[in-house]
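Q: I'm new to this one, could you walk me through it? Let me see it before I start asking.

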Amino acid sequence: MRRKTGRSPSAAPDGGRGIRYIQSWYASNCDGEWEHEFGIRMATTDNPGWHIRIDVSETDLEGVVVPRERHDLSDGGWMIAWSDGKVFQAACGPMSLRDVDALFEEVAEGAAVGEAEESSK
């Protein structure tokens, strides 16, 4: 059986957003030590889709709990995401990484706002 090569006709419908926030977050936490013990793991799944595991221990997101929730996306995709306060995890369809990135950004920015409000009290 011959495999297809190249880009899918529907590739990059997100205007190139991809996982920019996750990349930036990872880079901002690399300090010469953290990345030796913690990091990000991505793997494909057979349903098909992705599974993303982001270590948040020893970062500003440590302790931020996100209840496990499924999101049916407007473009027909899906995403399930959760965090136990030490690891943020998400599973999504093959074209939904941008949605995981947007949710992770929302969680991180929400945590930052919460910290700012706490410190101003």
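Q: How much of the protein is buried?
A: Of the 121 residues in the protein, 36% are buried, where buried means under 20% relative accessible area, exposed over 50% and partly exposed in between, with a 1.4 Å probe and protein chains only. This is a predicted model, in which local features need pLDDT of at least 70 and side-chain atom pairs count only at pLDDT 80 or more, while totals for chains, interfaces and linings use all residues. Residues are numbered from 1 along each chain as its sequence is written, and side-chain values use heavy atoms, with hydrogens and water left out.

Q: OK, and what pattern does the protein follow along the sequence?
A: The pattern is α-α-β-β-β-β-β-α, with three helices and five strands in the protein; helices (H or I, at least four residues) and strands (E, at least two) are DSSP runs, numbered from the N terminus.

Q: Switching to S57, where is that found?
A: S57 sits in the loop between β2 and β3.

Q: Why does S57 count as buried?
A: Because its relative accessibility is 12%, S57 counts as buried.

Q: Which residues is S57 in contact with, leaving aside neighbours within four places in sequence?
A: Those are W34, F38, E62 and K86, contact being heavy atoms within 4.5 Å.

Q: And E62, where does that lie?
A: E62 lies in the loop between β2 (49-55) and β3 (65-72), and E62 counts as partly exposed because its relative accessibility is 42%.
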